[in-house]
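Please examine the sequence and the model displayed here.

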Amino acid sequence: MSRKLVIPGELVAEGDFKLENGVYREDNKIYSSVMGLLDIRGRTIRIIPLTGKYVPKVGDFVIGIISDIEFSRWYVDINSAHSAVLNSSDYFRDIDPFQTDLSKILSLGDTIYAKVREITPRKKVYITMQEKGARIIKKGKVIEVTPTKVPRIIGRKGSMLSMIKKKTRINILVGQNGRIWLDGSPEQTDLVTKAIEMIEREAHTAGLTDRVKNMIISEREKK
Amino acid sequence: MKVGEPERLIIDGKRLDGRAFDELRPIKIEAGVLKRADGSAYLEWGGNKVMAACYGPREVHPRHLARPDSAILRCIYNMAAFSVSDRKRPGPDRRSVEISKVTREALEHVVFTHLFPRTAIDVFIEILQANAGTRCSGITAASVALADAGIPMADLVPACAAGKVGGEIVLDLNDVEDNYGEADLPVAITPKKGEVTLLQMDGNFTREEFEKAFKLAIKGCKKVHKIQKEALRKKYGGT
Amino acid sequence: MYDLIAEIKRDNIIQTLKAGKRVDNRGFDEYRPIAVEVGVGEKAEGSAIVQIGKTRVMAGVKLAIGEPFPDMPNSGVLTTNAELRPLASPTFEKGPPGEDTIELARVVDRGIRESECIDLEKLCRVEGEEVWIVFIDLHILDYDGNLFDACELGAISALVDTRLPKVEDGMIIYKEKTDERLPIKDLPVETTFAKIGDNIVVDPILDEEQVMDARLTVAYTKKGDICAMQKGGVGTFTEKEILEVIDRGLEKSKELRKHIPFKEV
């Protein structure tokens, strides 16, 4: 199904709709507010953005970098408009900030894979490590892609990602914030980087999974 | 009479560069041309060459500048030293400070700043080559850069000037017309609702001439809007 | 720091306007009382203090002899500068001029320059070598809104008040003023309207400026032509509103011009 490309200020619908991201209403008319693809399902309307900073959602896993340390919390750069907060109690439940030097646990520049726990109405973002799958990342390589392309890299029901993992036998963690962690040999890492760049470049085209698969196979045969 | 002033600016109902009174100079816009910026646009408009970049929303430094309830929009308009015949001394001067201010005011109305409290959205406009109409070029390019950065906004903001040259009301003055013409009127609008977000004027208009020039400038803005939309469609692979 | 405006103040101003009134009981097209006094600074070649309501501005004109711009070898030089002194408002800070100050000076300058109110060619002494340089300096003393109109009125009044100093062997003797005046050809004035909600009012006081959506300043020549315009603020005007402001401003400009102490020779 091809979705219509829209530009900020474009009229996308009229009448009674439930508005989600990327649209706004003036009287009875509904307009897009971002560059993206128009997505109307029943009476619900939204724009799938094609560009823009990562907008955190509760439940997202993100790859973050420790950017500041305070008495009982870390600030974490998550490639978004705001830094996220990691409270010490979201690391170990029974941490005692009076007894613990937090920088001994996570210091400036450390990389973590954490889950978005809460977003306040004032847009403060809290992340947590108290979650299955959350971890500190100590080795490997993190690459960055446009956050709006992450769903394409994962693929429908994870199809793209599992294909890449199967064909290259490499550890991959995808942060919804556009950061992707790769852990494998230099050759494997390079090949996956190429595949991801290809997905990012051709995200809007059909039959992409097969083309990426063919690219990986032919690259491996070269060696 | 000033040095270098041509004898006439209008000959046989045509302008010196051959344009009709209501004709724009050629305009070319390309969206998303810079790697590091969150959004960008390159624009050529007659002899103007302009690069615009948008960063953000991002955290505000210094922090006391942040607004607890919305993003702040910051605009810097800057002319490269080599953009004009007589080398311009680098750095902000009074003219560029004023243009930065009116540029911000022209753009801020459409940006949904309330979605990003405590952040900054930064817009940088570099004039690489100047040939009259740089503020309109800058606003037009910056608006495309904001859209390319995925900043939510109510509309694009195209800008265009009209003026009086050799007694005639004309669209989009070039540098000879700007230097030796009688009046210049830069305008920016929100095309959807027709709100005026930039309006400046210097020179001399009668009331009737002003109205005619104003309406012509708005027509020009609408043409520029089409070119902005084409640039964004092209970048994002739409038809 | 951004301006923090109490919501109650905003509501009060807008509700009052909706009822067809203003918070200081003026009409929508009514200026506050205006007073212009010239000759208020002996060291300046020309000077004026302008009051519009509680807004007070002092303007001074100083003259110097210097070189013309290369592209205008037979023309005098005009420069306009404004200073928002910290004594005039708790929000003005010391240090280099901010964007508001620069905008103010440049808009006043545009009104003076584009109206061609001074015959700059008559200020040429030796073509390409020696011309009069006219410095207009605007000192804001008390800020209760509408600096644009007060400064423009101050600038033109000080220009009208100016007397050229004596010159001997190319040196200015500032202590001795001659009876010669600047060659004044026109008397430009600026009128400023503020859009607040759906209403547009002339000569906004500070409270109104703090809550306004947008501002439009228009400069008029004696003939009623428009010689400079500047929209300010994040809000917008419609096409119709702009044309309306121009017509309303023209009427007000005639009133303002009467305050310029100019005697036709």
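Between chain C and chain B there are five salt bridges, a salt bridge being a side-chain nitrogen of Lys or Arg within 4 Å of a carboxyl oxygen of Asp or Glu. In one of them, the side chains of Glu98(B) and Arg106(C) meet at 2.4 Å, N to O. On the side of chain C that touches chain B, helix H2 (99-114) is among the elements that supply at least two residues, and H2(C) gives the most, with eight residues. Helices (H or I, at least four residues) and strands (E, at least two) are DSSP runs, numbered from the N terminus.

The model is predicted: local features need pLDDT of at least 70, side-chain atom pairs count only at pLDDT 80 or more, and totals for chains, interfaces and linings use all residues. Residues are numbered from 1 along each chain as its sequence is written, chains are lettered from A and ligands numbered from 1 in the order in which they are written, and side-chain values use heavy atoms, with hydrogens and water left out.

In total, 37 residues of chain C are in contact (heavy atoms within 4.5 Å) with 36 residues of chain B.

In chain A, three strands form an open antiparallel sheet in the order S14-S16-S15; two strands pair if DSSP finds at least two bridges between them. Strands S14 (141-144) and S15 (171-174) of chain A stand at the edges with a single partner strand each, so one side of each has no neighbour in the sheet. S14(A) pairs with S16 (residues 179-183) of chain A over four bridges, and Val142(A) stands opposite Trp181(A) in S16(A).
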